[in-house]
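Colleague: I have a model open and want to learn how to read it. Could you walk me through a few features?

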Amino acid sequence: MKLAMIGFGQAGGKIVDKFLEYDKETGSGIVRSAVAVNTAKADLLGLEHIPEENRVLIGQARVKGHGVGADNELGAEIAEEDIDEVQGAIDNIPVHEVDAFLIVAGLGGGTGSGGSPVVAKHLKRIYTEPVYGLGVLPGSDEGGIYTLNAARSFQTFVREVDNLMVFDNDAWRQTGESVEGGYDHINEEIVRRFGVLFGAGEIEAGDNVAESVVDSSEIINTLDGGGVSTVGYASEDVEVSSGGGGLLSRFKGDDSSDDSMDTANTTNRITSLVRKAALGRLTLPCEIEGAERALLVMAGPPEHLNRKGIERGRKWLEEQTGSMEVRGGDYPTNAPKVAASILLAGVHNVPRIKELQQVAIEAQDNIDDIRNQSEDNLEDLVEDDEDELDPLF
Ligand code: GDP
């Protein structure tokens, strides 16, 4: 699937930069164009792979290249005011060659948190291609204001995109490691998971590729219908055989005598990877029961994939989610591992979002209280008790 990616704010820019690196390393061909938008000049300068002409500095008149300081209302205002500059960069994208837009942002900050929903709304008005979001939730140790920003942005962003895929930094912190210190490792995880998923739709059905290969329309149909999505992933190293002859027959699921053992192993490996992917850590942890739609992508060397395994995995996902809309297919690669990537779309039972909203409401109440008392408190401090002093003017 070919995407036009827009990285908004620091996290968004860094993650899109990583997608480009992944694309170059794996040849997956998922990033047709990449644009970075920011109010902070230094963040744009720090990017490595996004071409300089595709880096857009907005809000120069307001914040002079210094960022919005985690003020997402200001982030949204600036995006609105400077939408023409963002559009100027998007004008360079050959939109007829892309399957969808993907706007990536950390929802806890200011620029990406406020600006992403504004740009999503704008793109949806102009283009017929789907507009997806990839929103990153802050770690719970980042504090009230980041949580409040994320909760407000989440609400708005979901409404403006065709689907919001979510990654929760909090669930991905390694023990003993601050989120800050772990961003590199976290960003690699994000790119691996979404890279396999979107890369699947880029394989052309060729001679040694069966018809069960995932098509980009299957990704689009899974995301279609809106809401919130999460991705599960599990992989296992395998040996890649260099031979040619037997591969095709095994891939096609022929149960010819010497291969039947291999076929059984392959099938078992696939079904256990599917379980691990769905029941292990998701990008946004949630209950998979009740997910409205799902897509299973099995990636790996063709001789380690078979239709029976994928079919069983798909059936198991139908049972677990209770949804009949579970698609599945393979993504043949040369990598020495077999990976299951599962997109669960339209998830509803997400305790983390409810917890985020609760903390956000507390933070908002606290901010309101302090603001309301601020004038009285300052007067108490500045005025002398008996009002004997006069100001200068
Ligand atoms: P902005 O530049 O104002 O949009 O804000 P940032 O992108 O710097 O930060 C927003 C949020 O994104 C933070 O609260 C973090 O939770 C998260 N974040 C920042 N940098 C990264 C990163 O490189 N990777 C990930 N996964 N999250 C990040």
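**Around the ligand**

Modeller: Start with the helices: α1 (9-26), α6 (111-126) and α9 (183-200) each supply at least two residues of the shell around the ligand. Helices (H or I, at least four residues) and strands (E, at least two) are DSSP runs, numbered from the N terminus. This is a predicted model, where local features need pLDDT of at least 70, side-chain atom pairs count only at pLDDT 80 or more, and totals for chains, interfaces and linings use all residues. Residues are numbered from 1 along each chain as its sequence is written.

Colleague: Which helix gives the largest share of the shell?

Modeller: That's α1, with four residues. A residue is near a molecule if its C-beta atom, placed from the backbone, lies within 6 Å of it. Of the 22 residues around the ligand, Gly 9, Gln 10, Gly 106, Gly 108 and Gly 109 come nearest.

Colleague: How do I read strand pairing?

Modeller: Two strands pair if DSSP finds at least two bridges between them. Here β6 (residues 163-168) runs parallel to β7 (residues 228-237) over two bridges, with Leu 164 opposite Val 228. On β10 (residues 337-345), β7 pairs in the antiparallel sense over nine bridges, and Ser 235 faces Ala 339 there.

Colleague: What about phi?

Modeller: Most residues other than glycine have a negative phi. Asp 387, in the segment after α14 (351-382), has a positive one near 60°.
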